[in-house]
Amino acid sequence: MNTNATLEQLKQLRLGGMVQSYQQQLELPLHQQLYAHELVAQLVQSEQLNRQQEKTTYYLKLAKLRINAIPEQINCSVARNFTKQQLAILLEGQYMEQGENILVTGATGCGKSYLACALGYQACLLGRKTTYLSMNRFIERITISKIDGTYIKLLNHLERQSLIILDDFGLQPMQQDVKLALLQILEERNGKRSTLVTSQLPVSAWHEYINEPTVADAIMDRLTANAHRIELKGESMRRKS
C-alpha cells in the first residue's frame, strides 16, 4: 500500500491529527523520518492533541462567551484585590470537581465579566461544558421557555453544564417565576456543579435584591455556602483602555 492510499484511509477514518502528522513525516528526508514504533507513537499523540483541540473549539462555540478573554491577560495585583495565586488556584479547575461556586463583585468596568469569561475559557480548555448567560438573557430564556414548553429541556441542559456563568446579577428585577427557576437550577447543581456569578452589588445586598425572604434565603444558601468570593477593586479598566 502506498502512502497516498494510507493518507486517504486516515482521512476516511476522520483521523485528522494523524493525517497532518504523517504528511509532515513524509516531507522529511528519509534519514530524518521516524522509525516505525516512534512514528506510531507520534501519530497517536498528534491525533489525541487534535481531538482535544476540536473538543475545546466545540465547547467554546457552545459556551457563547461574551468576551474573548484569556487568563494570561488578567491583571492581578494587590490594588485590584486579586492575586496571581488566587487566579492560579481557579485555573486548576478543582472548584468544578468539588462543585464550588465563584462570586465576583465590583464596580462597573473593573473587569468582572472579563475574569468570568477567562475562567469560562479555561473551563473549556479543561474539557468542561460551560454556558455563559447575562442575567438579562437568563431571564429572557426562562420566560420564553415557560411559554413555548421548553422549560424542562432548558433545565436539563443547564444541569449538565460543569460551569454556568451568570453575568451582571442584580441589574434587572426578577419576577417570581424567574426567582423560583434560579432556585431550582441552583438546587439541582448544589455540591455537584459550579456557578459563577458577577454583580455590581456586594453579596450582602443580594438578599434585598431578590426581595422574597424565603426564596432569597434558599438562593443565598446555595450560592454562598461553598463559594470563592472575589471583590475586585481599582479604577475602571474601560477608562484605562
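**Reading a fold, one feature at a time**

Reader: Where is Asn101 found?

Author: Asn101 is found in strand β1, which covers residues 101–105. Strands (E, at least two residues) and helices (H or I, at least four) are DSSP runs, numbered from the N terminus. This is a predicted model, where local features need pLDDT of at least 70 and side-chain atom pairs count only at pLDDT 80 or more, while totals for chains, interfaces and linings use all residues. Residues are numbered from 1 along each chain as its sequence is written, and side-chain values use heavy atoms, leaving out hydrogens and water.

Reader: How many helices and strands are there in the protein chain?

Author: The protein chain holds 12 helices and 5 strands.

Reader: Does Asn101 count as buried or exposed?

Author: Buried means under 20% relative accessible area, exposed over 50%, and partly exposed in between (1.4 Å probe, protein chains only). Asn101 has a relative accessibility of 5%, so it counts as buried. Across the protein chain, buried residues make up 41% of the 241 residues.

Reader: Which residues does Asn101 touch?

Author: A contact means heavy atoms within 4.5 Å. Leaving aside residues up to four places away in sequence, Asn101 touches Arg193, Ser194 and Thr195, and also Arg222, Leu223, Asn226, Ala227 and His228. For the protein chain as a whole, take the contacts between residues at least 6 apart in sequence: 79% of them join residues at least 24 apart.

Reader: Now for helix pairs. At what angle do α7 and helix α9 pack?

Author: Two packed helices are described by the angle between their axes and by the distance between those axes. Axes are lines fitted to C-alpha atoms, for helices over the stretch in contact, with angles of 0 to 180 degrees between N-to-C directions. Helix α9 (residues 176–189) packs against α7 at about 100°, and their axes are 10 Å apart. Angles under 35 degrees count as roughly parallel, over 145 as roughly antiparallel, 65 to 115 as roughly perpendicular and the rest as oblique. The two helices α7 and α9 are therefore roughly perpendicular to each other.

Reader: Which residues of α7 and α9 meet?

Author: From α7 come Phe138, Ile139, Ile142, Thr143 and Lys146, and they meet Asp177, Val178, Ala181, Leu182 and Ile185 in α9. For classes, Ala, Val, Leu, Ile, Met, Phe, Trp, Tyr, Cys and Pro are nonpolar, Asp, Glu, Lys and Arg charged, and the others, Gly among them, polar. The contact of α7 with α9 has 7 nonpolar, 1 polar and 2 charged residues.

Let's look at one of these residues. Val178 has its place in helix α9, and its relative accessibility is 1%, so it counts as buried. Not counting residues up to four places away in sequence, Val178 touches Phe138, Ile139, Ile142 and Thr143. Val178 and Thr143 are 35 residues apart along the chain, yet 7.3 Å separates their C-alpha atoms.

Reader: And how do helix α4 and helix α6 cross, at roughly what angle?

Author: Helix α4 (residues 84–91) and helix α6 (residues 112–125) have axes that come within 10 Å and cross at roughly 40°. That is why α4 counts as oblique to α6. Leu87, Leu90 and Leu91 of α4 make the contact with Leu115, Leu119 and Gln122 of α6. By class, this contact has 5 nonpolar residues, 1 polar and no charged ones.

Reader: What lines the largest cavity?

Author: Rolling a probe the size of a water molecule over the atoms shows where empty space is left. On a 1 Å grid over the protein atoms alone, a cavity is a set of points where a 1.4 Å probe fits but cannot get out; a pocket is an open set with protein on both sides within 12 Å along at least five of seven lines; lining residues have an atom within 4 Å of a point. Points are joined across faces, edges and corners, and a volume is the space filled by probe spheres set on them.

The count comes to 1 cavity of 30 Å³ or more. The largest cavity has a volume of about 30 Å³, and its lining is Phe138, Ile164, Leu166, Leu182, Ile185, Leu186 and Thr195. Helix α9 gives the most to this lining, with 3 residues. The lining of the largest cavity has 6 nonpolar residues, 1 polar and no charged ones.

Reader: What volume has the second largest pocket?

Author: The second largest pocket has a volume of about 300 Å³. Its lining has 15 residues, and Leu62, Ala63, Lys64, Thr131 and His157 lie nearest its centre. Two or more lining residues come from each of α3 (36–63), β2 (130–134), α7 (135–148) and α8 (151–160). The lining of the second largest pocket divides into 6 nonpolar, 4 polar and 5 charged residues.
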